[in-house]
Amino acid sequence: MSVVDFDLSEREFWAKPMSERERAFDRLRARETPAFFEEMEISYAPKGPGYYALVKHADILEASRTPEVFSSGDGGATNIPDMQPEFAEYFGSMINMDDPRHARLRRIVSRAFTPKMIRQFEADVEVAAARVVDDLLAKGAGCDFVTEVASRLPLKIICDMMGIPESEYQFVLGHTNLILGGFDPEYAGPDLDELPERLLRAAMELQQLVQDLASHRADNPTGDLISSLVNANLDGERLTLQELGSFFILLVVAGNETTRNAISYGLRLLTKNPDQRALWLEDFEGRAPGAVEEIVRLAAPVNFMRRKATRDHEMNGHLYRKGDKVVLFYWAANRDASVFDDPYRFDITRSPNPHVGFGGPGPHFCLGAHLARREITVMFRELLRRVPAIEAGRPDRLQSSFINGIKHMECSF
């Protein structure tokens with residue numbers, strides 16, 4: 001058991017102020033060996049054997065590069081308890097798989113996320129960002145930046161890519177909020193015992209939405225991503241409707257929630273660091289790549305992914321036994337002082353910046369990283385050009401161990 005006096009498995013830990021969480025992870029990184037934590041008791045899965053918390057940059061790089069040792073498919077990567085069969089039907093996407101199944105699915109869907117394909121959406125991203133700022137300025141005052149600005153751009157782009165009609169945007173947003181809402185009462189509701197049923201219902205309804213569209217697109221393709229995927233034939237390989245549904249849930253959840261949080265944290269960072277805002281405004285295009293990487297480093301929208309050891313393996317002086325669970329805390333690795341000079345400082349000129357905000361190196365590196373970078377860049381180009389004095393208020397943070405999220409945040413300009 002861990003000798004520290006806090007527990008990463010407790011819901012209460014993730015409701016603490018950010019400064020307390022930062023101190024806790026500082027202490028974990030200072031240890032010579034990784035701390036071990038018991039798993040939380042939950043109603044919808046047997047209690048597991050516990051897990052080691054990987055918080056050092058070097059550990060996360062090695063675990064990411066050796067998927068043959070640290071498995072994503074044995075029980076799932078997006079949850080600490082092993083994924084139960086009823087959840088795997090909807091959430092068992094390629095992020096929760098190992099090769100060769102993972103490689104097959106990624107090979108089929110990755111053609112939609114190459115830099116060349118992303119460039120085809122650039123005009124759409126710019127038009128959508130301009131409209132968001134038009135609406136912001138029309139209000140003539142402050143608003144909830146998360147709901148009125150940060151969430152709108154990625155939601156529209158992902159839905160438009162998939163061919164989801166605008167009439168379904170709020171349906172998709174509400175369901176993704178629930179799925180990634182953790183144990184936050186705003187999304188999970190007051191009775192956590194009812195949460196598993198609500199999660200399954202939300203996933204089932206999202207999957208049904210895309211499967212209904214796919215059935216129509218099979219005979220009436222329109223050029224959107226659903227049409228491409230349902231008619232894809234790569235060396236005889238096609239996605240089943242179940243695979244398409246799981247991929248859609250992964251895409252809308254990951255593509256919407258994570259980019260939204262990066263944009264929200266970005267405004268907060270620029271507000272707290274006016275010198276960096278001024279520096280970016282001096283040369284927006286020249287400094288945009290570095291600024292976006294630094295925003296993603298400090299935002300680290302996904303706190304962790306989980307792996308399970310397939311065999312005994314020694315890593316950085318610690319022996320992991322077959323079946324041991326390890327949790328890769330990306331947020332903590334992005335603040336590792338052995339890699340990042342003055343790691344809590346926001347520096348848009350930081351170089352090199354080997355953060356793991358899009359996951360570690362290896363087969364599970366974020367498929368949508370190019371698109372996310374593009375959306376963040378375009379959104380801040382539009383904001384800083386047209387509303388250069390916009391500032392963020394205090395964030396209302398999501399109570400979740402998985403997503404480093406901001407639910408609400410007032411802005412003023």
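A search of the whole predicted model finds 17 aromatic pairs. In one of them, F6 and F13, the ring centres are 5.8 Å apart and the planes meet at 25°, so the pair is stacked. The angle falls under the limit of 30 degrees that applies to stacking. Both F6 and F13 are buried. A second pair, F358 and F365, has ring centres separated by 6.2 Å and planes at 65°, so this pair is edge-to-face. Here the angle lies over the 60 degrees required for that class. F358 is buried, with a relative accessible area of 10%, whereas F365 is partly exposed, at 30%. F6 and F13 also belong to one aromatic cluster, together with W14, F25, F304, F329, W331 and F402. An aromatic ring is also involved in an arrangement with a charged group: the charged end of R297 sits over the ring of F340, at 5.1 Å from the ring centre.

D5 is placed in the segment before α1, the helix of residues 18–30. With a relative accessibility of 65%, D5 counts as exposed, because the cut-off for exposure is over 50%. The side chain of D5 is joined to that of R27 by a polar contact of 2.9 Å. D5 and A24 are separated by 19 residues in sequence, and their C-alpha atoms are 9.1 Å apart in space.

Helix α2 comprises residues 57–65, and its buried residues are H57, D59, I60, L61, A63 and S64. These buried residues pack against strands and a helix: β2 (51–54), β3 (70–71), β6 (313–315), β8 (325–329) and α16 (330–333). Two members of the aromatic cluster, F329 and W331, fall within the ranges of β8 and α16 respectively.

Helix α8, residues 152–162, is largely enclosed by the rest of the structure, because eight of its eleven residues are buried. The buried positions of α8 are L153, P154, L155, I157, I158, C159, M161 and M162. G163 follows α8 and has a positive phi, near 85°. G163 is also one of the residues in contact with R217 when neighbours of R217 within four places in sequence are left aside.

R217 itself lies in helix α11, which covers residues 195–219. Its relative accessibility is 9%, so R217 counts as buried. With T222, the side chain of R217 makes a polar contact, side chain to side chain, of 3.3 Å.

Two packed helices are described by the angle between their axes and the distance between the axes. Helix α14 (residues 274–282) and helix α15 (residues 284–299) pack at an angle of about 140°, with an axis separation of 7 Å. This angle makes α14 oblique to α15, because the roughly antiparallel class begins over 145 degrees. On the α14 side the contact is made by L279, W280, L281 and E282, and on the α15 side by F284, R287, A288, A291 and I295. R297, whose charged end sits over the ring of F340, falls within the residue range of α15.

Key:
Residues are numbered from 1 along each chain as its sequence is written. This is a predicted model: local features need pLDDT of at least 70, side-chain atom pairs count only at pLDDT 80 or more; totals for chains, interfaces and linings use all residues. Side-chain values use heavy atoms; hydrogens and water are left out. Helices (H or I, at least four residues) and strands (E, at least two) are DSSP runs, numbered from the N terminus. Buried means under 20% relative accessible area, exposed over 50%, partly exposed in between (1.4 Å probe, protein chains only). A polar contact is a pair of N or O atoms within 3.5 Å; within protein, one must be able to donate a hydrogen and the other to accept it, and residues adjacent in sequence count only if both atoms are side-chain atoms. Contact means heavy atoms within 4.5 Å. Rings of Phe, Tyr and Trp (its six-membered ring) pair if their centres lie within 6.5 Å; planes under 30 degrees apart count as stacked, over 60 as edge-to-face and the rest as tilted. A charge sits over a ring if NZ of Lys or CZ of Arg is within 6 Å of the ring centre and within 35 degrees of the ring normal. Axes are lines fitted to C-alpha atoms, for helices over the stretch in contact, and angles run from 0 to 180 degrees between N-to-C directions. Angles under 35 degrees count as roughly parallel, over 145 as roughly antiparallel, 65 to 115 as roughly perpendicular and the rest as oblique.
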